[in-house]
Amino acid sequence: MTDIQELLLSRIRDVADYPEPGVMFKDITPLLADPAAFTALTDELAGIAASTGATKVVGLEARGFILGAPVAVRAGVGFIPVRKAGKLPGATLRQAYDLEYGSAEIEVHAEDLTRGDRVLIVDDVLATGGTAEAAIQLIHRAGAEVSGLAVLMELTFLAARPRLEPTLNGAPLKALLQV
């Protein structure tokens, strides 16, 4: 394990039985409150943006906003929020996806992504991959290219990576921590 990984992991708090019994929630708020850890995280993700040739960073609601915006600033590229349906004014592209119990929809402003954009998707946790897969589909529908997917933490036992790799079409999936 690298020094950065040790630092990040040391600032993530496990919360048992949240949001429901049997779930071990990974709380990143202590990491965000620590300027050294948050800066290290931002620097690592900005390095991924640079290495993938990203021209824009997409942050997935809601913690992807917290991580993605400073990454975009650090990398010198634009930031695009992907929101839950109904939260953006103006013309949007919408993508539905399945959840464990039901379905949901996400949106992006139609004019924010264009042909020629190379987009790094940033989020805090990769769990089942449903939201990330929907974001990849949105980016493709907008005519842009996915340069990669970068997350703080991948929950490997949920096996999202095999689900996403065909949709990523060769773009890298980078997880700073795998738990």
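1. The crossing of α1 and α3 is left-handed, a label used when the near helix is turned anticlockwise from the far one by less than a right angle, with right-handed used for clockwise. This is a predicted model, in which local features need pLDDT of at least 70 and side-chain atom pairs count only at pLDDT 80 or more, while totals for chains, interfaces and linings use all residues. Residues are numbered from 1 along each chain as its sequence is written, and side-chain values use heavy atoms, with hydrogens and water left out.

2. Which residues make up these two helices? Helix α1 covers residues 3-10 and helix α3 covers residues 35-51. Helices here are DSSP runs of H or I with at least four residues, strands are runs of E with at least two, and both are numbered from the N terminus.

3. Two packed helices are described by the angle between their axes and the distance between the axes. For α1 and α3 the angle is about 130 degrees and the axes lie 10 Å apart. Axes are lines fitted to C-alpha atoms, for helices over the stretch in contact, and angles run from 0 to 180 degrees between N-to-C directions. The two helices are therefore oblique to each other; under 35 degrees counts as roughly parallel, over 145 as roughly antiparallel, 65 to 115 as roughly perpendicular, and the rest as oblique.

4. Now for the side of α1 that meets α3. Ile4, Leu7 and Leu8 in α1 meet Ala36, Ala37, Ala40, Leu41 and Glu44 in α3, where contact means heavy atoms within 4.5 Å. The residues of this contact divide into seven nonpolar, no polar and one charged. In that count, Ala, Val, Leu, Ile, Met, Phe, Trp, Tyr, Cys and Pro are nonpolar, Asp, Glu, Lys and Arg are charged, and the others, Gly among them, are polar.

5. Take a look at Ala37 in helix α3. Is Ala37 buried or exposed? Ala37 is buried, with a relative accessible area of 0%; buried means under 20%, exposed over 50%, and partly exposed in between, using a 1.4 Å probe and protein chains only. Leaving aside neighbours within four places in sequence, Ala37 is in contact with Leu7, Leu8, Arg11 and Leu31.

6. Thr42 also belongs to helix α3. Thr42 is buried, at 6% relative accessible area. Not counting residues up to four places away in sequence, Thr42 touches Pro70, Val71 and Arg74.

7. Arg74 has a charged partner too: Arg74 forms a salt bridge with Asp43, with the closest N and O atoms 2.0 Å apart. A salt bridge is a side-chain nitrogen of Lys or Arg within 4 Å of a carboxyl oxygen of Asp or Glu. Arg74 lies in helix α4 (residues 63-75) and Asp43 in helix α3, so the pair ties together parts 31 residues apart in sequence. Arg74 is partly exposed at 47%, and Asp43 is partly exposed at 35%.

8. How many salt bridges does a search of the whole structure find? The search finds twelve. One of them joins Asp27 and Arg13, with the closest N and O atoms 2.3 Å apart. Asp27 lies in strand β2 (residues 24-27) and Arg13 in strand β1 (residues 13-16), so this pair ties together parts 14 residues apart in sequence. Asp27 is buried at 7%, whereas Arg13 is partly exposed at 46%.

9. The side chains of Glu154 and Arg161 meet in a salt bridge at 2.6 Å, N to O, and Glu154 is buried at 5% relative accessibility. Arg94, Glu105 and Glu107 are linked in a network of salt bridges.
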